[in-house]
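Please look it over before reading on.

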Amino acid sequence: MLSGFNDEKIVSIMGVRSLWGKRACREIISRSGDFIPLLVGVLDNAVSSPQSFISGENQTHIPAALLLAHVRATEAYPCLVNLISFGGSDTSVLWGSLLASHYPWMLRDTFNGEAFLLPKLIEDRSTSPQARAAAVKAWGMHYFDGCLSRQEIVGCFRRLIREVYIGEPSQDDKTVLTCIAHCIREHQLEELVEDVKTVYARNCIDEVLCGDGNHYVSEFKNPRYKAEDIHIEDAIKVLEAYEWFKEKEGGTTMESVF
């Protein structure tokens, strides 16, 4: 317990990359209902005034997002979509490797039913291809969870292949189309195999990730490629994997925190 500190102060301590931050995260999880509005407020600030977060001066959005996913706070979903909608490289700078490794699951675990938000993001070719790929994965998980119909996910992917990602492919397009092909196989959307073949014919699939066209078709129903049921079950463990709480040499004193 961090006795003697109000909830606003505990949220600020959460962003301290030391054991103090870990204590704050534990306190937040133990009383999550008290903290959800404050954590969503952190994400709101990152959406409205992103520069300090992008520059690294303030990184509280990272534990805030993971904690909100951990407690399944649906209030966070629109913010999380907005926070991968920036143009250029800002999104990648904001989230680092978390974008590919955990962001789809954060979107999955905060989903509030606003299914239209992700297709809109995926179609926006001004956004980071890594962000669009994360959105594709999350869209697939919304289908996996029964939040989308098969008709909805098939229609979305077909439109992306046939109407949006057409013409001379860029490397960014290839990243997104490869993720779409991978997602189609993960969720066994057999009616889209012919569409994927046309993407292969345009040389728009990364064969390192999906194999060549013949392999993709012959192995389409191989269970090894089916979607895994992944959630953010332990935000603190995820942060530990990124050495979020690792003490600097000499340790972190109470004075340096407060």
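Q: Which residues in α13 do Pro129, Arg132, Ala133, Val136, Lys137 and Gly140 in α11 meet?
A: This is a predicted model, in which local features need pLDDT of at least 70, side-chain atom pairs count only at pLDDT 80 or more, and totals for chains, interfaces and linings use all residues. Residues are numbered from 1 along each chain as its sequence is written, and side-chain values use heavy atoms, with hydrogens and water left out. Helices are DSSP runs of H or I with at least four residues, numbered from the N terminus, and contact means heavy atoms within 4.5 Å. The residues of α13 that meet those of α11 are Asp172, Asp173, Thr175, Val176, Cys179, Ile180 and Cys183.

Q: How do the residues of the contact of α11 with α13 divide by class?
A: Ala, Val, Leu, Ile, Met, Phe, Trp, Tyr, Cys and Pro count as nonpolar, Asp, Glu, Lys and Arg as charged, and the others, Gly among them, as polar. On that basis, the contact of α11 with α13 divides into seven nonpolar, two polar and four charged residues.

Q: Are α11 and α13 roughly parallel or roughly antiparallel?
A: Axes are lines fitted to C-alpha atoms, for helices over the stretch in contact, and angles run from 0 to 180 degrees between N-to-C directions. The axes of α11 (residues 129-144) and α13 come within 9 Å and cross at roughly 15 degrees. Because angles under 35 degrees count as roughly parallel and those over 145 as roughly antiparallel, α11 is, relative to α13, roughly parallel.

Q: Is His187 buried or exposed?
A: His187 is placed in the loop between α13 (171-186) and α14 (193-201). Its relative accessible area is 7%, and buried means under 20%, exposed over 50% and partly exposed in between, with a 1.4 Å probe and protein chains only. His187 is therefore buried.

Q: Which residue has its backbone oxygen 3.4 Å from a polar atom of the side chain of His187?
A: Leaving aside neighbours within four places in sequence, His187 is in contact with Gly140, Met141, Tyr143, Phe144, Arg150 and Ala227. The backbone oxygen that lies 3.4 Å from a polar side-chain atom of His187 belongs to Gly140.

Q: How many Å apart in space are Ser18 and Asn203, C-alpha to C-alpha?
A: Ser18 lies in the loop between α1 (7-14) and α2, and at 0% relative accessibility this serine counts as buried. Ser18 and Asn203 are 185 residues apart in sequence, and their C-alpha separation in space is 47 Å.

Definitions and conventions:
Helices (H or I, at least four residues) and strands (E, at least two) are DSSP runs, numbered from the N terminus. A polar contact is a pair of N or O atoms within 3.5 Å; within protein, one must be able to donate a hydrogen and the other to accept it, and residues adjacent in sequence count only if both atoms are side-chain atoms. Angles under 35 degrees count as roughly parallel, over 145 as roughly antiparallel, 65 to 115 as roughly perpendicular and the rest as oblique.
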